[in-house]
Amino acid sequence: MPRFSVVVPVYQVQAYLHACLKSVLDQSFADVELIVVDDCSPDGSGAIADSFAARDARVEVLHLPENIGLGRARNAGLARATGDYVLFLDSDDTMVPGSLEAVAARIERTGEPDVLVFDYARTYWNGDVHRNQFAAILSETGPEVCTLDDRPELLRLIMVAWNKAYRRDFIEKSDIAFPSGYYEDTPWTYPVLMAAGSIALLDRVCVHYRQRRGSGILHTTSRRHFDIFKQYDLLFAFLDSHPELERWRPVLFRRILDHLTTVFNFPDRLPNSSRPEYFRRCRAQYRRLRPSGFRASPTGRSGVRYLLVALGARRTFQALGRAHRLRLRATQRARALYGRLRTTALHAHYRVQRRRALDPDLAVFSAYWDRGYSCNPAAVEERLRELAPHMRTAWVTTAEHAHTLPPGVRRLEPGSAAYWTALARASYLVSNVNFHRRYAKRPGQINVQTHHGTPLKHMGIDLQEHPAAAGTTDFERMLRHVDRWDYSLSASRHSTLVWERAYPSGFTALEYGQPRTDIFHRATARDVLRLRDELGIPRESTAFLYAPTHRDYQRGYRPALDLARMADALGPDVVLLRRTHHFYPTGDPRDGLDDRAPHPRVIDVSGHPSAEELCLASDGLITDYSSLMFDYAGLDRPIVLHAADWETYRATRGAYFDITAHPPGLVARGEDELTDILATGAWRGPRSAELRAAFRRRFCPYDDGLAAERVVRRVFLREDGGLPPVIPPEDRHLAPPPSRARALAPLAADASDPSGPPPLEPSGPDPRSL
């Protein structure tokens, strides 16, 4: 007997069926039977299902002799199910990788509940992914097992069958089945939730709900939408036969009215000629199903709608609906007008401010399109405050990232009057991207472009040869922005040559190193251990930082590695830190973020504000083509490349050299090879060290802890000579790796213990003293 039975009814979905069935069979949890119900589909869907059955014994195909509709097809599949739990999956949707494993773990933890409710995300033809807007309802806070009485807010979730796992013997005893017709989920889902003696929740996206362009019930104009009346009659008949559930009648009655009026308000569901009849049916159902004591009153928008349905006032209902839509449009236009007026006023304010004298002591910084205090600009800003305390600094970022600013640094809200004042009057502007397109550089202003990493992939005008990566880039505008640069910061001769070719202009290259890596030379053993404690890394574990870059040929984040599987293979002494590229917003599965089942030794650090701190806390780096490898080489810790799609990546994005021929460490072409490199210890062997040393000599010649100081003295203090000399690699003093930091642990008492010894000095002399 399998653990799960997944029932997939099929009708005219040949374009999507392969992806649907594959998403089930490729699950990491394999104890599943897949029951495909071919509802007499006229296309090739049945043949596709048969081909899967021929290749995999877990697949059973049931070919129905005639088309009976979605609900009854599900019943047919349910009758064949033998699993402990049953799940339904629509044939154009897909199951997210790792979902069955997560469902199985949650079911076991919660003691085999009658129903497990999980989440979904809508996926659109253009690649957008949006998580259920009521996802917060699935929060697993409170008791792990509940009933609908404990969590009545579950009724706010979409009433569908495919966001739940059902204990099969509970369904059989409940004698609940799907009816025929549209809206067949209604007489199924409500009774299931009301009758369930135990409900568990899983706050995880398990299904990608495909929003097919221009098709589906929501885009179908038909009298079949009148089926909704029959379905709610069936639901209330169920209530009549279960008097112990009578308390839910008023709640469900309101849901009826909301649903009926929603269907009426959609302009493309009902034929115009049938709309008066539909509203009359709404009034009749109101009168027939109204609970005793229920009174519609004109309180709030819902109350007004209920009252108009009760009165059968269709024309008034439609008139008020039109008035509401007009108000919405008027509000939108007013907001748009306000936005235009505000923009005009701010531009006028900016022009006025540009007439004022430059402030010689004001420097404005930003990083990563105003996403907080980070990267090279942050390292330069910090050193500027130390070496030039007379200077005032301001940082451009949103309120969302304000917490990343250190004390004493003024925040500028992007687009505000203060922001434009600062851009108009600051003598220095520093960023790793570009400032607003309407910013016009003034004579006397100094622009410093720090970049955000050593370039491997093609950049700037070199992207003209790679349209997939260039997208809609306006190269002429980009070069106008480049013309504002006075200085271009470079980490190596390689970077200097690339920046001068990719961004041709008259700037001066400052070949000083990466300021953001200065912290690698200041951090102590105590810092390393503190960072690991904050991240939840056990002291004795080996921690690998996995930091992949984005793919121009893919939409959204698609995980290339099954980190949970790798963690299991590598054993209990290994922790994996996952950091997605900053192009993918963190903490929101609607962006397509990998939503795999939580694993105790896979820690998502995508939202951590400092990549450098993550480097310090880790024992080794796993990456593909991210520029973080160049920084990490300067830290002189092991690196392993996962280059499974190097040829595709290089063809679509372009690269300045073959990273697989000149890597910073061992190269794996697949997940199994990568796991083997990590499991055998080859990742830190002599060959790895040899490759890293050569890579470090080529790309990290100036990363000695003094890069930010060189920038400050040259740009802000105008010191043309006497800059700190470059420390040779063999004389540099780096933060100790975690293994060495643990050896020093007896000397590095927990910083939270006020009775402990003072913090350790750096592992060598301060580079500034050399």
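Student: Which ring does the charged end of Arg698 sit over?
Tutor: That would be the ring of Phe657, with the charged end of Arg698 4.9 Å from its centre. Keep in mind that this is a predicted model. Arg55 also has its charged end over a ring, that of Phe52, 4.7 Å from the centre.

Student: And Arg578, is that one buried or exposed?
Tutor: Arg578 has 10% relative accessibility, so it counts as buried. You'll find Arg578 in strand S19, which covers residues 574-578.

Student: What does its side chain make a polar contact with?
Tutor: The partner is the side chain of Asp604, and the contact of Arg578 with it is 2.7 Å.

Student: Back to rings. How many aromatic pairs does the structure hold?
Tutor: There are 39 aromatic pairs. One of them is Phe365 with Phe716: the ring centres are 6.5 Å apart and the planes are at 20°, so this pair is stacked.

Student: Where do those two lie?
Tutor: Phe365 is in strand S11 (residues 359-366) and Phe716 is in helix H25 (residues 707-716), so the pair ties together parts that are 351 residues apart in sequence. Both Phe365 and Phe716 are buried.

Student: Which residues form an aromatic cluster?
Tutor: Phe226, Phe229, Phe264, Tyr278, Phe279 and Phe317 form one.

Student: New topic: how many cavities of 30 Å³ or more turn up?
Tutor: A search of the whole structure gives 4. The largest cavity has a volume of about 50 Å³.

Student: What lines the largest cavity?
Tutor: Its lining includes Leu429, Val433, Phe435, Gln449, Arg484 and Trp485. Two elements give two or more residues to that lining, strand S14 (426-431) and strand S15 (446-449). S15 gives the most, with 3 residues.

Student: How do the lining residues divide by class?
Tutor: The lining of the largest cavity has 5 nonpolar residues, 4 polar and 1 charged.

Student: What about the second largest cavity, how much space lies in it?
Tutor: About 40 Å³. Among the residues lining the second largest cavity are Thr450, His451, Leu489, Ser490, Trp499 and Gln514. Strand S16 (487-490) and helix H16 (493-502) are the elements that give two or more residues to this lining. By class, the second largest cavity is lined by 3 nonpolar and 7 polar residues, with no charged ones.

Student: Last topic, backbone. What is phi of Gln12 near?
Tutor: Phi of Gln12 is near 50°, a positive value in a residue that isn't glycine. For context, most residues other than glycine have a negative phi. Gln12 lies in the loop between strand S1 (4-10) and helix H1 (17-25), and Gln12 is partly exposed, with a relative accessible area of 43%.

Student: And Asp175, where is that found?
Tutor: Asp175 is in the loop between helix H5 (168-174) and helix H6 (186-195). Asp175 has a positive phi too, about 55°, although it is not a glycine. At 69% relative accessibility, Asp175 counts as exposed.

Methods:
Residues are numbered from 1 along each chain as its sequence is written. This is a predicted model: local features need pLDDT of at least 70, side-chain atom pairs count only at pLDDT 80 or more; totals for chains, interfaces and linings use all residues. Side-chain values use heavy atoms; hydrogens and water are left out. On a 1 Å grid over the protein atoms alone, a cavity is a set of points where a 1.4 Å probe fits but cannot get out, and a pocket is an open set with protein on both sides within 12 Å along at least five of seven lines; lining residues have an atom within 4 Å of a point. Grid points are joined across faces, edges and corners, and a volume is the space filled by probe spheres set on the points. Helices (H or I, at least four residues) and strands (E, at least two) are DSSP runs, numbered from the N terminus. Ala, Val, Leu, Ile, Met, Phe, Trp, Tyr, Cys and Pro count as nonpolar, Asp, Glu, Lys and Arg as charged, and the others, Gly among them, as polar. Buried means under 20% relative accessible area, exposed over 50%, partly exposed in between (1.4 Å probe, protein chains only). A polar contact is a pair of N or O atoms within 3.5 Å; within protein, one must be able to donate a hydrogen and the other to accept it, and residues adjacent in sequence count only if both atoms are side-chain atoms. Rings of Phe, Tyr and Trp (its six-membered ring) pair if their centres lie within 6.5 Å; planes under 30 degrees apart count as stacked, over 60 as edge-to-face and the rest as tilted. A charge sits over a ring if NZ of Lys or CZ of Arg is within 6 Å of the ring centre and within 35 degrees of the ring normal.
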